[in-house]
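Thanks for asking me to look this one over.

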Amino acid sequence: MSSTADKSKARPQQPQESSGWFTIPAPLARLFKKFPLLTYPPNELPARSPDIRNVPTLYVFISDEDALKGLPSFNPSCLKWQVSTAYLETGRGLVHRTNPTSQTFLKLAGVDFCLRSSNNHASPTGALPFLLPPSTPSDPKSQRPIPSNKLEQYGLDNGKSKLPESLGARIEAYESLIDHRIRNAWLYTLYLSPTNTKLLSNLYIVPATSSRPVRATILYQLKHAAELEILKSTSRDAINPADLYKGAKDAFRALETVLGDGEWFFGSPLPGLFDATVFSYTHLILHDGLAWENRRLNDILEEFPRLVSHRNRIFQRCWGSGE
Amino acid sequence: MSFQLHVWGPAFGLDSIDAECLAAIAAFRHIFHHYDWSLIASNDTSLSPDRTLPALFHDDTWISGYMNIISYAIHHNTSYAGSLADNDLTPQQEADLLAYSSLLSTRGSGLVALSLYASPNAWVELTRPAYSALLPFPLTWTIPITMRAAAIEKAESLGIGYLAAEAEADEAASKSGLETTSTGFLRLRQQLGPKKSMQPEQTAAIRFKQLADDFFATLDDLRGSKKYLLGTSSPSSLDFLTYGYLALMNVQTPFPILAQSLRCRPLIQFLRMIETEPQSYVLPRQESKPRGLPGTIYVFADGAIESIAGAGESWRRWRHGGIKSDEGEEIQDSSQTPVAVGSAVLGLVVVGAAIFLRGLSPFGASTHRFAVPKEETGLYRFGEVGAMLDILPIFE
């Protein structure tokens, strides 16, 4: 008797439960409710990681040897912060010299920061660069990594020098030129241009794995992601390289005009974040260490001598006596 | 040969629903005499090879995108009604024009995307109905959805997408009116704190307002006390582009964060000035050629396939060509067709499997099988013994 009463109670619910397409079958739901069966304590840190980091560490895309020598990263957004961190950490702007023998650390004026090779999977936000501030085990806040979008704030809070105060609102407009036009042409040249595939795989794929199928998959994913980025930014259905290069050329021309005869952008007495951003692209485009097969972007940039010498000035400041 | 300007149709009391189209219309009205051009609200991106509007058709060529259209029109026009300052700018002004146009088409369009497309309330109350009014019947199911997805992506690529993400996640919660619990009682709305009871736009408002203020401040800073943005005596293409974006930002949405922010700015005077500029003639509108049923169905089918999860993207790439081949460079495109076909097949298989699995009885439920009782003939009537004896032929 009681069983029939139960049934009649349960019945009105039934159509509701089974109506959805994605309802989980009851036995599975019961099974999943049992999870997690056991929660392990957090893993110990790997033995190679230092317990007390007394220098900030910047994680970027770079080969291990180059990281030891403190050479520039090959990824524009990493390079931007590599240059700016050097700047923000010191009291003297970008003035510092790498000491090749001391290795590992970029010797900055009193403050060291360490450069480590890393990849996207290591980053808490999924994107490089990020910075691990100097930490002590007692202070949990200092253990938190700083993603790239908070680096500027970190620099302002902890740097010994202030960035030159906001150089006017125009900077934002010109930033959008770099972030879209120049970046799109860069993405196309490095990731999608078929002749540069070898360079791309040498930079990003060969260090990651030695397995062929995995390499092929990563290459496809990289190219696909770059394509999507460009399409999103241009809001077109197809990529037209001629348009991209024309856009980049116009952007470089505008930048050269704005730089004018000044030493740094927007008449600032010291190089700032914007200079670092421009440098991160111009340096890599002109860098002889990268085996560019498709040299169109290079050719375009060569037409703007002031930008080239701007790039040389920053390189001189950061890495001494040039290439 | 007259210039034909193809645009998205009017909405929100403006001449077009799209900022670049608005800008192009305003600029054309300024440059041309009314007999030199015609305005066609075709609402059809498939007309031009770049699949984007605004698009200009002149001398059997298609030019698309605001900047390209303006520079083409300046070079090919013989009689000006009004002059555009673009031809006699100093290099510094040219650089500014490029930089600020780029700022408008990235940050500006991101803000418009957030306010008109990503915000669920504005989308439901304003933008979707506006598209429904522009498009013929079945296309209202596919095109607006694609536009919205693209707009949200655009906002995301500007680093302000998390506002859209929040809006998206809260959409279900914000729309639910009365809910009933499983026992049939009305469920009380959860009143756990201010955040729960706010609309998604309100939670995002503070950050959104900050972005909007920064954007308007940048433009205000450029304009200063000048009449036109670049300090020229006649308007430049940047002025019309700015007008296009500002006009859309000034639309009264259910949560008019952008519009309110704009109204406290000197920039609103610039918008008013362009809006109230004396118009010497009525826009030379022309009816667009009707698409016809086959065309409509074709576009609809295309949109429907694009929205299949998983397979849609490959289909799109295959249909519209991911990368146009560059001169001197061969793009190996051979792998894309099999991938597109493979994903389409996979999509169909998944749908088929889902339908098949729905047909099965719920997992874990006891199975009942109903069968017509077999009619027992011959010696089977006598049970097991009969079955044994059934082999013998004599008893048939």
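1. For chain A the mean pLDDT is 75, with 73% of the residues at 70 or more.

2. Over residues 1–17 of chain A, pLDDT stays under 50, and the model has 3 contacts beyond four places in sequence for them. Over residues 90–111 of chain A, pLDDT also stays under 50, yet here the model has 51 contacts beyond four places in sequence. Where pLDDT is low, predicted coordinates should not be read in detail. I would apply that caution to the contacts listed for residues 90–111 of chain A.

3. Now to chain B, whose secondary structure comes to 14 helices and 5 strands. Of its 396 residues, 45% count as buried. Among contacts in chain B with a separation of 6 or more, 69% link residues 24 or more positions apart.

4. Strand 1 (residues 3–6) of chain B runs antiparallel to strand 3 of chain B, joined by 3 bridges, with His6(B) partnered by Ala55(B). Strand 1 of chain B pairs in the parallel sense with strand 2 of chain B over 4 bridges, and Phe3(B) stands opposite Trp37(B) there.

5. Strand 3 and strand 4 (residues 61–64) of chain B are antiparallel and joined by 4 bridges. Leu56(B) is partnered by Ile63(B), and His58(B) by Thr61(B). This hairpin has 2 residues between its strands, and Asp59(B) takes a positive phi near 55 degrees.

6. Which residues of strand 3 (residues 55–58) of chain B point one way, and which the other? Ala55(B) and Phe57(B) point one way, Leu56(B) and His58(B) the other, and all are buried. In strand 2 (residues 37–40) of chain B, Trp37(B) and Leu39(B) point one way while Ser38(B) and Ile40(B) point the other way; again all are buried.

7. The largest nonpolar core holds 162 residues, of which Tyr174(A), Phe252(A), Leu5(B) and Phe28(B) touch the most other members. Helix 3 (residues 91–118) of chain B gives the most to this core, with 14 residues. Domain 1 (57–158) and domain 2 (168–313) of chain A both give residues to this core, so the core lies between them.

8. Leaving aside residues up to four places away in sequence, Phe28(B) touches Phe3(B), Leu5(B), Trp37(B), Leu56(B), Ile69(B), Ile70(B), Ala73(B) and Tyr281(B).

9. Last, the cysteines. A search of the whole structure finds 0 disulfides over all chains. Is Cys78(A) buried or exposed? Cys78(A) is buried, because its relative accessible area is 0%. Cys264(B), with a relative accessible area of 66%, is exposed.

Methods
Residues are numbered from 1 along each chain as its sequence is written. Chains are lettered from A and ligands numbered from 1 in the order in which they are written. This is a predicted model: local features need pLDDT of at least 70, side-chain atom pairs count only at pLDDT 80 or more; totals for chains, interfaces and linings use all residues. Side-chain values use heavy atoms; hydrogens and water are left out. pLDDT is the predictor's confidence in each residue, from 0 to 100. Contact means heavy atoms within 4.5 Å. Buried means under 20% relative accessible area, exposed over 50%, partly exposed in between (1.4 Å probe, protein chains only). Two strands pair if DSSP finds at least two bridges between them. A disulfide is a pair of cysteine sulfur atoms within 2.5 Å. A nonpolar core is a set of buried Ala, Val, Leu, Ile, Met, Phe, Trp, Tyr and Cys residues joined through side-chain atoms within 4.5 Å. Domain bounds come from an automatic or database domain assignment.
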